[in-house]
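Trainee: Please take me closely through one part of this model, the way in which its pieces pack against one another, and keep the limits of the model in view as you go.

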Amino acid sequence: MLKIILSRIAQTLVVVFFLVTFTFFAIRAIPGNPFADAKATSPEEQAALEAYYGLDRPKIVQYFNYWKNIVTKGDFGDSLSMKGRKVSTLISEAFPVSLKLGFLSLLMGIGLGIPLGTIAALYHNKLPDYLAMIVAMAGICVVAFVLGPIFQVNIARPLQFLNVAGWSRSSDIILPAITLCFGVAAYLARLTRGGMLDVLSQDYIRSARAKGVKPFNVITKHALQPALMPAVTYLGPAFAAIITGSFVVENIFLVPGMGQHFVLGVTSKDYNLVLGLVLFYGILMGIANLISDLALIFMDPKLRKG
Amino acid sequence: MSQALSSSPMSEIEKGTSLWADAFVRLRKNKLAMLGGITIAVILFFCFIVGFVLKVMGMDANKQDLANRFAAPGEAGLLGTDQLGRDLFMRVLEGGQISLLVAILATVITVTIGIIYGGIAGYVGGKIGGIMMRIVDGLLAMPFLIIVILFREIISVRVDNAARFLVNTWKWDSDFVLRYANLIPLTVAIAAFGWLTMGRIVRTAAASLSKQEFVEAAHSLGLSHQRILFRHILPNMLGPVIIYATLTIPSFILYEATLSFIGLGIEPPNSSWGTLIKEGANFLETNVTVLLIPAILFSATLFAFNFLGDGLRDALDPKASKD
Amino acid sequence: MTSCRSKSDVQIANEAGILIVGNSNEPKGLDPHLVSGVLESNIIRAIFEGLCVEDPAKDGSSLPGVARSWKSNAEFTEWIFNLNPEARWSDGVPVTAHDFTFSFQRLLSPDPNWPAKYSEMLHFIKNAQAYNKGEIKDFGEVGVKALDDFTLKVNLRGPIPFLPEITKHYTWYPVPKHVVLKHGEMNTAFASPWTRPGNIVSNGPFKLKEWKTNHRIEVVKNPEYWDAETVSLNGIRFLPISNYYTETRMFGDDQLHVTYSIPSEFIPYAKEKYPDQIRQEPYVGIRFLRSNIRRAPFDNPKIRRAFALAIDQKAICEKILQGGQKPAYSITPPFGEYKPPKVIAFDPERARELLKEAGFETSAAFPDISILTTDSDTGRREAEALQAMWKEHLNINVRIMQREWTTYLQKQYDADFDLAAGGWIGDYLDPTTFLEMWIKDGGNNSTGWDSPRYEELLRKAENTADVPTRMGILAEAENILLEDTPVMPIYWYTTNYLLRSEVKNWHPLLLNNHPYKFVRLENN
């Protein structure tokens, strides 16, 4: 167990290192100026701003300074586009929002995707299979920027208790979470269906059936756990992705989460913000993968020994 | 699949063909997948053949008629007109051309790079393979947008120059050249990100294949690494690659649409389905047809590709065939 | 947090006396000396106050703010502002004339590290420009002086009869000397630590209560405000809604009192659905195309003119924008006593002739050109319409280059464009707010155009006190600009927004700077 945790941590550190390095140089290679403003910036101001943020030095020096500040001071720098705000503050404000939204939509996705996938597998190539998969696929076949406005106009408006958008009432999470959960549900349903089909063809399931174990018990007691392995593997990265990558939904429903920072950070060339987010995302991904690993071990005793 | 292919390289070819024949029989049993396949064929026919013929006959998707905006279907053109009085039928066909071209081309690039990189990483294995995969993991976690914007900026200048050369030197039609030239940066940008997942899948397959007996046999026969990799390992990975590629196309269509939402899509006045839907969504309350028509086609195509891909996977997966 | 919505957001806010305002985006900051955008100014106007205050119902009229009264000499070159001794910062410290001199000195700082965007708004003051450029070292030579704690004397570089108008702009607002210095030095710029929540002290009718990034900014009534009796609202909530479609839908769901904008797609719908709430008001602003005259083909004024004349402005206003925008025949919109010259009007015939005169009989040899615009849907639609018009009337293909905001701006500063769509909103009610930007090397000129004669006329107007004469000189200058057409006017803006009927004392204003202190919410 400890070995697995340690190796995950080591892997995560390597990934984060590559990730930050790539991002650091890639975003600086994009043309555009983080200090461009509707009112022109004079060359002197530009130079002063660059000097203040250390952008006047050679890129390689900036790169080492970036790591140095993180390691020695735990400082992720200041946002370049939102002056006076620290990257760490922005992330710590947005993360709880995204975490809440991501967690809820993930739960909804699981609640929708796994049953649909199971049904589809049990009725392989029959009508329920087709219907279940059509429902499940809706999330990846109808784009969020169509689904979102449709929900706003056709659900939130007629329903008194739901707001069209915003993040002030506890009910405000419902529509964005539903919009997001479809994407998760689609992948989960597909993975569960595939996993289930695999398991159902295994000999031990056949023998269990032959022995007269009730079909429902065959599924819940014997088949479901191994069939969910691929889905669990997917859930880790999906969690990290849904937390950081929900720009469209955040924009439509006015959710103050991390996705907006990601997109606006890139388009406004806010180097520090993007790097901070990427770093955070890398670590989050590592943690999510670790949890996935542990869940898999928990589910499959065979893995525990190895 | 490995079980079916574990004998010597020679007999494997015969088995391979029978595997494909078997797979096709199984695929035909899956009605949804077949329906998906037919839908794709119909949509491809309309977008590429009907769209092209109509274009040659002089119908222009970008011709505006500001006096005749939001004409009802049938009133002007088959599906009416959009917010700038342009023929919606032509726009949907040409939008489909662009969406599908971007997705298909990006998939071709993805498959090529993915097979080479993943194949090498899987076959070599060990530390080098591990490092190669960590690089992929790192890139995979990178914001998609950075890669897209970066590639667009780097490539678009070169593509522009090439397009200019075609127009000025070889006297190609400039509308035609520009229309397709400006797909390239977007396609490359999507592929630059998309190959990563393909690389991973191929690596896993290659790693397990390279431990198989027939590969060991090939080694003992003294065949070169290159020959083993390209003649014995890669052909055996075709199954997962084809499945994944079919599933990649709809996800790339979706990527392109999302990029359009952010404003990084295809250059106006040309539109992809993504841009049509994005602009259409603004008329949800007022002129819902400009949203519905592209959205239905878009979703139908995505459904079709997804079901065909899933069907192919079921069909090519020998374990499922035991049923 | 209430989970069940028995009352809408607006109902709850009405009971609490809070105005909910759609404010488009997250503000870049709240330091009056460092920001430059409209949405920042909306918040700053609530929490700070200048010498004079906007009249809620009448353009060009000023009410007492920090200054109780003001007078000028006959030439309008020397002004005395008598400050209200009751005016206080939100921490109870009186606002004095020294806060103003400190503020002016801060904004005009020649320190190259000082990234003030709008210091030229103070260049009306004598020697301010020279100090700002570092040509004068002693701030004592600049024409502002605190005669005592509550008397401020301002000497101008020339006669400016409309100075009270200008003092309503946020660049003229005081910043609290004692607080700025507590959290840094005068020019601790980039972070403006004094404006952070918890630190900020302001002198307006409201003060900052809460600032959550991308979520909301809430201000509450400032009990220390000298005229707190007049202030009816208990607070204002600014929501950074960048998606205007969502914003309009929120308005329909009773979540907002005022929207920032209405997307043009929604205008006919809003007219029908909210006939009493839709506001379409004239706004002092212009939409135009900058041309890059440093490179072919727009180095040729005939071609610039041809492109300008081939724009069917009326069709753009009526068919695409639908918000009551007016075709623009000049850069400065007509307002007050200014009558801009009528130069540009849709004339495809003449446009083709001009193109022919410029040597392009057929379009075959015409160089590849593109129009640079932002990545918004409206920007796209406008560019597509222009593209189709040039194709139809001039048979010239123009490509559209949509770029995200910072790249779009950078390309203009780098002069890496052919045509660029853009706009300008007046900062104060005088034509110079539109004309000064086209001087040689002006930061927002970007066209590469300049004309000594044009600038000579602007300087001449600066020293002319008589209003009709002055306006005549400015119109002559504008004529030079338009005849040479480095900028192609398209239309004059209107503000289109939705306003709930319980919001009272909110009247159309040309600069759209509604003074919140007079706004009331009427519950029924």
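Predicted model: local features only at pLDDT ≥ 70, side-chain atom pairs only at ≥ 80, totals over all residues.

**Packing within and between chains**

Mentor: The C-alpha centres of domain 1 and domain 2 of chain C lie 32 Å apart. Residues are numbered from 1 along each chain as its sequence is written, with chains lettered from A in the order in which they are written.

Domain 1 of chain C takes in 9-238 together with 499-521, whereas domain 2 covers 285-494, these bounds coming from an automatic or database domain assignment. Where they meet, domain 1 of chain C contributes 16 residues and domain 2 of chain C 12, contact meaning C-beta atoms, placed from the backbone, within 7 Å. On the domain 1 side there are 9 nonpolar, 3 polar and 4 charged residues (Ala, Val, Leu, Ile, Met, Phe, Trp, Tyr, Cys and Pro count as nonpolar, Asp, Glu, Lys and Arg as charged, and the others, Gly among them, as polar). Chain C also has a cis peptide bond between C:Ala296 and C:Pro297, with omega about 0°, and C:Pro297 sits in the loop that runs from strand 11 (278-291) to helix 9 (301-309).

Chain C in turn meets chain A through 45 residues from each chain. On the chain A side, helix 2 (43-52), helix 4 (87-122), helix 6 (144-156), helix 11 (247-253) and helix 12 each supply at least two residues, helices being DSSP runs (H or I) of at least four residues and strands (E) of at least two, numbered from the N terminus. Helix 2 of chain A gives the most, with 5 residues, and by class the chain A side has 21 nonpolar, 14 polar and 10 charged residues.

Helix 12 (residues 258-267) of chain A also packs against helix 13 (residues 271-299) of chain A, their axes coming within 8 Å and crossing at roughly 135° (axes are lines fitted to C-alpha atoms over the stretch in contact, with angles from 0 to 180 degrees between N-to-C directions). Helix 12 of chain A brings A:Met258, A:His261, A:Phe262, A:Gly265 and A:Val266 to this contact, and helix 13 of chain A brings A:Leu273, A:Val274 and A:Leu277; these residues divide into 6 nonpolar, 2 polar and no charged. In the loop between helix 12 and helix 13 of chain A lies A:Lys269, whose phi is near 60°, a positive value in a residue other than glycine.

Technical notes. Contact = placed C-beta atoms within 7 Å.
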